[in-house]
Number of protein chains: 2
Amino acid sequence: MSMGLEYETLNENVKKVQYAVRGELYLRASELQKEGKKIIFTNVGNPHALGQKPLTFPRQVVALCQAPFLLDDPNVELLFPADAIARAKHYLSLTSGGLGAYSDSRGLPGIRKEIAEFIGRRDGYPSDPELIFLTDGASKGVMQILNATIRGESDGILVPVPQYPLYSATISLCGGSLVPYYLEETANWGLDVNQLRQSVSKARSNGITIRAMVIINPGNPTGQCLSEANIREILHFCYQEKLVLLGDEVYQQNIYQDARPFLSARKTLLDMGPPMSQAVQLVSFHTVSKGYWGECGQRGGYFEMTNIPPKVVDEIYKVASISLSPNVPGQIFLGLMVNPPKPGDISYLKFERESKAILDSLRRRAHIMTDGFNSCRNVVCNFTEGAMYSFPQIRLPPKAIEAAKRVGKVPDVFYCLKLLEATGISTVPGSGFGQKEGVFHLRTTILPAEEDMPAIMESFKKFNDEFMEQYEDHRGYSRM
Amino acid sequence: MSMGLEYETLNENVKKVQYAVRGELYLRASELQKEGKKIIFTNVGNPHALGQKPLTFPRQVVALCQAPFLLDDPNVELLFPADAIARAKHYLSLTSGGLGAYSDSRGLPGIRKEIAEFIGRRDGYPSDPELIFLTDGASKGVMQILNATIRGESDGILVPVPQYPLYSATISLCGGSLVPYYLEETANWGLDVNQLRQSVSKARSNGITIRAMVIINPGNPTGQCLSEANIREILHFCYQEKLVLLGDEVYQQNIYQDARPFLSARKTLLDMGPPMSQAVQLVSFHTVSKGYWGECGQRGGYFEMTNIPPKVVDEIYKVASISLSPNVPGQIFLGLMVNPPKPGDISYLKFERESKAILDSLRRRAHIMTDGFNSCRNVVCNFTEGAMYSFPQIRLPPKAIEAAKRVGKVPDVFYCLKLLEATGISTVPGSGFGQKEGVFHLRTTILPAEEDMPAIMESFKKFNDEFMEQYEDHRGYSRM
């Protein structure tokens, strides 16, 4: 018997995938937008879509790389500063045929070298360009590594809950098993290694072989920055359990407090010395989509491998080569990100001014948002220490939960849909990220323009407090 | 027990993947290049890497989209023509936040609309933008569709042999079974439907469920253009057997003869009328990497679905959303490709002149290369009617085959390695694409600069004829 593409005959793993960031809420928001309603898309960390302007210098360089004939134009200096022109020539010299030629499937060797130098400066330990692969955004890298790792449903991947659903979706797609470990909301979304051990024991007793552990630092959706002690505990755990650690560090430039600066898993590992520094397998991810660059649409990312055997690196290279090469403009953005203008360069002051304005504003917005949520009835929210999200807990009254059940909705989906209809604010329900039983959240980015933020938070508060008024029976709430 | 990323514990499907286009020959060529040897990379259809200049107009538009601040600069018209400026404003208006913002996971609605209009003009039947998905190059689209289709090793995909190894590699990666159907070299690489039926019967008797059939038109690596009669036979076969047809039409603009112009599978299907036109499932692929654009490094592609059920389209959308969005600059290139300058536009004449120069030269190169191969001892080659490749048959003498076996090499790999070492010409052995038992080929692109072509073919002939002289025993050759 033969069959074409019918729902019934699709790959079951495809059908199992859930991806809430662009799920029901996003689809409804898109519909409302088509109908003319003003929507504030805070469902996805997409800064430029909410008005953030691109940094000038990298855009000048990439524009020149796209139009190399401008470099011979006598008028080019009327539109482009000399350091952007020089940098464009430099990056074009790293390609073999400009932006229109496929690069090596791992990315341009010259860009990988610049990234290795950046990692070396950041961590204080040299990095090998041969172990850095460029990708069309960090998500694609995560998918490559999980696909290489997972053999079937008895392979388990430890994922924090709440988590960014890239992980749950990709594990479903690869046919593996997600093994959750819960972050502690009351301990500022910290990780308790004892709780982690319990998750592992439980999974093993169900026949699961744990293969890898994911950390997201700074946290998405939770916004916390991991402490050095916590990262060391995690590395120790991976060492004992022989797990690959996947370090999602795409928000490493998004830090909104000074007590806990970003610390890479790689630096922490190498600081610990042998035997651990030579044994723990680590793959670290980074991107141009986040930070203060926010160049999501360019799709530039990389991963760096530590202690991964050469034969495995070769296999990952082979699979990467099927899709020939990551997009080359995105690779140039990565080069620029790890090698921004330096003091004394013509563009330095402007670049610094633009960067600082974005980061300072994000820091202020993190405060406005967290404070705003905490001023609302039945809402509590940890401070967004890093990344781009607030993840407030919404203590839904039992009557709201019942009302949701009556219309066949998960309670937080019910709440977020009502929020969307009332205010145009498009968020993602906490159930899309995972949360403890009976506890409800939503995720919103901190990315709306700073000047719009007070009005948005006021509109949220008005909706929320009325919602609570409507559903509260003045006897009890859902448990914290 | 837990295990990290060791070769032994990798996903078996990953280990099974073979991808010759960037396989042993490419790796050896890269090594030789590092050692200072001049390499002519004809292993992959990468025109800009071999000196093809980008078309000016699209690069002007994308450069302006990357640097939108130039649009406010009073000097912009000194560097950019007015129609490029207008077009950049148009494409920026289709984005929500410029090139730095994620688009919808299917691509920008405005670009999908322009593609639908192009398809409508090409085929004479309107196309629905909702059924067009943009991708980071056509390969990514093929991978998405095959991944949605394949449930396990008893799902078979009909693939032409010789084939472009994207298909074999992706089917391996998805854990499915490749069911080969052989193209007839002596019938100008045509397809024999009786032979196709035999392949299907044989696969079914082995317990395989055939799900889909791939055609590559114009052919890669074989260079033929399918006739309307042949496409109709194929569609009829897919109708009878209830197979999805995957139409790889990425070379639709690369046609080097006038007897058989490109004809899309979609137009042919819709011309056939009901019931077939409403029943046969078709997914067609296209890209900015090929044609006379050759913008490989930009990674812009799309697929269009015909007669695919809405629930399946939704599932494919869901999976696409995991990696958020295809790169936005590549989407703009697609818009420009389907909507080039029109007569009367400022840039029209220049664009036409550049396009025609590239296509005319490719046509001449197709002749130089085919004629060159046919002048060599023990080499026969069908004319490259379309696409970017020549696929000559190399009749290896038995002594050469024995010599290859002694060093543990497949005979055509042995030949291609010797060719590489002697001349710097980096090709791909026919075994990487599949070929009949005991018959040997190589694939080369027709992309080296036209002025270099005679010297390259002379260098090839010198190597080949000496090789044949060395290994011929003047009694017999390998069978044709």
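Which residue of chain B forms a salt bridge with D136(A)? The legends below, which describe a predicted model, begin with that pair.

**View 1. A salt bridge joins D136(A) and K140(B).** The residue of chain B that forms a salt bridge with D136(A) is K140(B). The closest N and O atoms of this pair are 3.2 Å apart. Across the interface of chain B and chain A, 2 salt bridges are found. Polar contacts link 44 residue pairs between chain B and chain A, counted where both residues have pLDDT 80 or more.

**View 2. Helix α12 of chain B, residues 310–322, lies on the side that touches chain A.** With 8 residues, this helix gives the most to that side of chain B. By class, the side of chain B that touches chain A has 49 nonpolar, 30 polar and 20 charged residues.

**View 3. Chain B and chain A bury about 8300 Å² between them.** Of this buried area, 58% is on carbon and sulfur atoms. In chain B, the residues that lose the most area to chain A are L5(B), Y102(B) and I322(B), which together account for 10% of what that side buries. In terms of contacts, 99 residues of chain B meet 99 residues of chain A.

**View 4. Strand β9 of chain B, residues 301–306, is mostly covered.** Of its 6 residues, 6 are buried. In a regular strand, side chains alternate between the two faces of the sheet. One side of β9(B) carries G301(B), F303(B) and M305(B), the other carries Y302(B), E304(B) and T306(B), and all of these residues are buried.

**View 5. Strands β2 and β8 of chain B are each joined to β9(B).** Strand β2 of chain B, residues 132–135, runs antiparallel to β9(B) and is joined to it by 4 bridges. Here I132(B) has E304(B) as its bridge partner. Strand β8 of chain B, residues 282–287, is also antiparallel to β9(B), with 6 bridges between them. In this pairing F285(B) stands opposite F303(B).

**View 6. Strand β9 of chain A, residues 301–306, is covered on both faces.** G301(A), F303(A) and M305(A) are buried on one side, and Y302(A), E304(A) and T306(A) are buried on the other. Strand β2 of chain A, residues 132–135, is joined to β9(A) by 4 bridges in an antiparallel arrangement, and T135(A) stands opposite G301(A). Strand β8 of chain A, residues 282–287, pairs with β9(A) over 6 bridges, again in the antiparallel sense. Within this pairing, F285(A) stands opposite F303(A).

How values were computed
Residues are numbered from 1 along each chain as its sequence is written. Chains are lettered from A and ligands numbered from 1 in the order in which they are written. This is a predicted model: local features need pLDDT of at least 70, side-chain atom pairs count only at pLDDT 80 or more; totals for chains, interfaces and linings use all residues. Side-chain values use heavy atoms; hydrogens and water are left out. Contact means heavy atoms within 4.5 Å. Buried area is the accessible area (1.4 Å probe) that two parts lose on being put together, summed over both. A salt bridge is a side-chain nitrogen of Lys or Arg within 4 Å of a carboxyl oxygen of Asp or Glu. A polar contact is a pair of N or O atoms within 3.5 Å; within protein, one must be able to donate a hydrogen and the other to accept it, and residues adjacent in sequence count only if both atoms are side-chain atoms. Helices (H or I, at least four residues) and strands (E, at least two) are DSSP runs, numbered from the N terminus. Ala, Val, Leu, Ile, Met, Phe, Trp, Tyr, Cys and Pro count as nonpolar, Asp, Glu, Lys and Arg as charged, and the others, Gly among them, as polar. Buried means under 20% relative accessible area, exposed over 50%, partly exposed in between (1.4 Å probe, protein chains only). Two strands pair if DSSP finds at least two bridges between them.
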